Amino acid sequence: MGTSSHYDLAIVGGGINGCALAREAARAGLRVALLEARDFGAGVTSRSTRLIHGGLRYLENFRFTLVRESLRDRATLSREFPGIVRPQPFLLPVYRSDSRARWYIACGMALYRLLSADGTLPAPRRISASELLALLPELDPDGLVGGFEYFDCQAVFPERLALEMAMQAESAGAEIRNHARVTGLLLRDSRVQGVRFEGLSGSGELLSRLVVNATGAWVDQLLEFAREDASEPLLSLVNGAHIVVRDLPGAPRHAVYREARADRRPFFIIPWRGLRLIGTTETLFSGDPAVTLPEESEIRYLLREANALFPAAGLARGDVLYAYSGSRPILRAPRDDLNRASRDHAIVDHEKTEGIAGLLTMAGGKLTTAPSFARSALRRIARMLGISTAAVAPAQPHSLNGAPSELAALYGPRWRDVLDAIEADPDMARPLADGCSTKRGQVLYAIENEHAKTLADVMLRRTGAAYEPRYERSWAEAAADIAAGRLGWDRTETGRALAEYDTELAQTLLRK
């Protein structure tokens, strides 16, 4: 593949922030190329706590602007991606021994309500200890003084949120490429003029007026292509571990938010696909962000905290269906207090900081604030390019009436298109394998309509089949047969695809 057409903007990194920027920029009329080394949302986007939240705990550090931005973006994502982003009620128990008194938390809840006064979710409310125990019968009652109910949102599969943004960017005219790894920057006279890349469909060069580094945990690695000597890293990587167990006895549809008893960190137990997702930890990390499996000490920590809150659960290591961890990129953090590290985001113009023109970096940020981060970056880009951007019409509301819950969580407003494609062929309407809820047609749809190029794309990030508690390797073999027929793999290529999938799965989920 030779040199590509000239673009206004080349975005490197197809996580939530890169995909959000591609969507905003393409809709505003820019010529955009989005390149992702692996798959859209395959990095920390897919390894998060899967919440779209306002950042209640950020109020304690007086980050009111960040909370207001988060709440505004929460409303935007909920409106534009119904099903994929959905309301999630939370219960926050308060104990006599807690570091924060109930009146203190009540003040925070009142402020949270004030900052989110858009009517999209019910207002927080104070509840008594007896009502809390009625909702959570297995909750530890010792020292319980009451609590609160409030609402945030959940993205069951945030990697699909990134994918939807990338596909909307494509619909608006962007060129999007997954499995296209950037191997260098095109530099001339201290100006970045494009990127060099290689991927499944070949290699080449792509010219652009501006390059945006939106690689998340890989931000500092990409900058090495432009820097002649070692520089202070822009980011710290903080690993967050999560475990998934079967549903707890007596647990309602509510998620539970607590401060961990061991270290007073935020701690969640969240309903997720009929299971319970428990997390998270925070540990500074310096390894390969693509391989971030939890430590056994982190798994034990999460089990202890869950059992302290729900003693009757009696969770043991064997109850953990699987565990995962992601390296969240945050602005340089103090080693001694990660709780106070900034969760904000920044846009770095490397011409101003290092004399390297034509290169911007999106540093930090979080899942929820991707829309605001993208809009801020686009305003900066427009000024640098000396252009005005087209106004973008608000997204029209979509109906999920009649949508099966699993299809709504995966495909959001596109659920009807997927269902029609599945039901058009009786063979494609059959389960992928015995005990699997994924349909054969979903595999084919992922390949034909959603840029899925590998089995990991299909099993982990399009259908979520690999996350099912009854998962068997035969499911991947069945998906490989369908993919081989559509992609033209021979027996050797199919075997290689399965082996590569096995490796990625083992680097993503730590199974018992």
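Q: Contact means heavy atoms within 4.5 Å. Going by that, which residues does Arg276 touch, skipping residues up to four places away in sequence?
A: Arg276 touches Ile243, Val244, Val245, Arg246, Asp247, Leu248, Ala251, Pro252, His254, Ile269, Ile270 and Pro271. Bear in mind that this is a predicted model, where local features need pLDDT of at least 70, side-chain atom pairs count only at pLDDT 80 or more, and totals for chains, interfaces and linings use all residues. Residues are numbered from 1 along each chain as its sequence is written, and side-chain values use heavy atoms, with hydrogens and water left out.

Q: OK. Where is Arg276 found?
A: Arg276 is in strand 14. Strands here are DSSP runs of E, at least two residues, and helices are runs of H or I, at least four residues, numbered from the N terminus.

Q: Is Arg276 buried or exposed?
A: Arg276 is buried, because its relative accessible area is 3%. Buried means under 20%, exposed means over 50%, and partly exposed is in between, using a 1.4 Å probe and protein chains only.

Q: How far is Arg276 from Ala251, C-alpha to C-alpha?
A: They are separated by 9.4 Å, and they sit 25 residues apart along the chain.

Q: What is the phi of His451?
A: His451 has a positive phi of about 60 degrees, although it is not a glycine. Its place is in the loop between helix 12 and helix 13 (455-462).

Q: And helix 12, which arginine is found in it?
A: Arg440 is, with helix 12 covering residues 440-449. Arg440 counts as buried because its relative accessible area is 17%. Beyond its neighbours within four places in sequence, Arg440 is in contact with Asp427, Met428, Arg430, Pro431, Leu432 and Ile482.

Q: What about Arg414, where is its place?
A: Arg414 is in the loop between helix 10 (405-411) and helix 11 (415-423). Its relative accessible area is 15%, so it is buried. Not counting residues up to four places away in sequence, Arg414 touches Arg160, Glu164, Met167, Tyr445 and Glu450.

Q: Switching to the inside. Which residues touch the most other members of the largest nonpolar core?
A: Leu92, Leu432, Met459 and Tyr501 do, out of 69 residues. The largest share of this core, seven residues, comes from helix 14 (residues 473-487). A nonpolar core is a set of buried Ala, Val, Leu, Ile, Met, Phe, Trp, Tyr and Cys residues joined through side-chain atoms within 4.5 Å.

Q: What is Met459 in contact with, neighbours within four places aside?
A: Leu432, Gly464, Ala465, Ala466, Tyr471, Trp475, Ala476, Ala479 and Tyr501. Apart from that core lies another, of 46 residues, with Phe151, Leu163, Leu210 and Phe373 among them.

Q: Zooming out, how many helices and strands does the chain have?
A: The chain has 15 helices and 19 strands. Its C-alpha atoms fill a box of roughly 70 × 55 × 45 Å along the principal axes. Buried residues make up 57% of the 512 residues.

Q: And how much of the contacts with a separation of 6 or more is between residues 24 or more positions apart?
A: That share is 72% for the chain.
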